Amino acid sequence: MQASASLSDSLLLTVRLKQALCYRHLGAKKRSLDILHRALKTFPLKQAPLFKAVDSIYLNWLEETANYSSVLIILNKRLMKEGAVNYNRTFRMVKALAKLKRWRDIIHLLQPFYLSQKPFVQKDDFLFYLALANEKIERYDQSAYLYKKLVTDFAASEYYEKARSRLHFLNDFKIVRKDK
């Protein structure tokens, strides 16, 4: 009796992952991405833990190869399909948009979260990137306001020092005060 893998079998996905890892080890990153893409596309159990793990590896590899457009397409499709808010997925999209310097898209994506009164763990992350995006499109007053809010409301944030530094820079060099 011989074992064989079917499309719904996790064994096939595991074999494809190992194959992709081998190609990656050999330096064939494009080939490894193609293998994972095809394996994930044909695997029917999208909620299975193995699928989620391999999918995460695939997205990480796309980011490592600076294929941010593909990351955005994948994450956007999933956010649309889910319908519910997924903060981690949204933040991953924001980081990909920042790599592509799509500042207005970041503002469009994060503005509803900023306006929401609902607390969530990534609020300081979202606030920092919203401030940064406003700064990059030269909306310095708005950016300074957001950096100040982050410094005031999130003193324990990993972005605290960066936000404080950006706020000082904006106040010293970019914002013209009429009362000076």
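Helix α1 (residues 10-25) and helix α2 (residues 29-42) have axes that come within 7 Å and cross at roughly 170°. Axes here are lines fitted to C-alpha atoms, for helices over the stretch in contact, with angles from 0 to 180 degrees between N-to-C directions. Helices are DSSP runs (H or I, at least four residues), numbered from the N terminus. The two helices α1 and α2 are therefore roughly antiparallel, a label for angles over 145 degrees.

Which residues of α1 and α2 make the contact? From α1 come Leu 13, Arg 16, Leu 17, Gln 19, Ala 20, Tyr 23 and Arg 24. From α2 come Lys 29, Arg 31, Ser 32, Ile 35, Leu 36, Ala 39 and Leu 40. Contact means heavy atoms within 4.5 Å. By class, the contact of α1 with α2 has 8 nonpolar, 2 polar and 4 charged residues. Ala, Val, Leu, Ile, Met, Phe, Trp, Tyr, Cys and Pro count as nonpolar, Asp, Glu, Lys and Arg as charged, and the others, Gly among them, as polar.

This is a predicted model: local features need pLDDT of at least 70, side-chain atom pairs count only at pLDDT 80 or more, and totals for chains, interfaces and linings use all residues. Residues are numbered from 1 along each chain as its sequence is written, and side-chain values use heavy atoms, with hydrogens and water left out.

Leu 21 also lies in helix α1. Leu 21 counts as partly exposed, because its relative accessibility is 41%. The cut-offs are under 20% relative accessible area for buried, over 50% for exposed, and partly exposed in between (1.4 Å probe, protein chains only). The C-alpha atoms of Leu 21 and Pro 119 are separated by 39 Å, at 98 residues apart along the chain.

Now the core. The largest nonpolar core has 56 residues. Such a core is a set of buried Ala, Val, Leu, Ile, Met, Phe, Trp, Tyr and Cys residues joined through side-chain atoms within 4.5 Å. Ile 106, Leu 110, Phe 128, Tyr 129 and Tyr 147 touch the most other members. Helix α7 (residues 123-136) gives the largest share of this core, 8 residues. Beyond its neighbours within four places in sequence, Leu 110 is in contact with Val 94, Phe 126, Tyr 129 and Leu 130.

Two loops remain. Ala 66 sits between α3 (49-64) and α4 (68-82). Ala 66 is not a glycine, yet has a positive phi of about 60°. Ala 66 is partly exposed, at 48% relative accessible area. Lys 101 lies in the loop between α5 (87-99) and α6 (103-115). Phi of Lys 101 is positive, near 60°. Lys 101 is exposed, at 59%.

Terms used
Angles under 35 degrees count as roughly parallel, over 145 as roughly antiparallel, 65 to 115 as roughly perpendicular and the rest as oblique.
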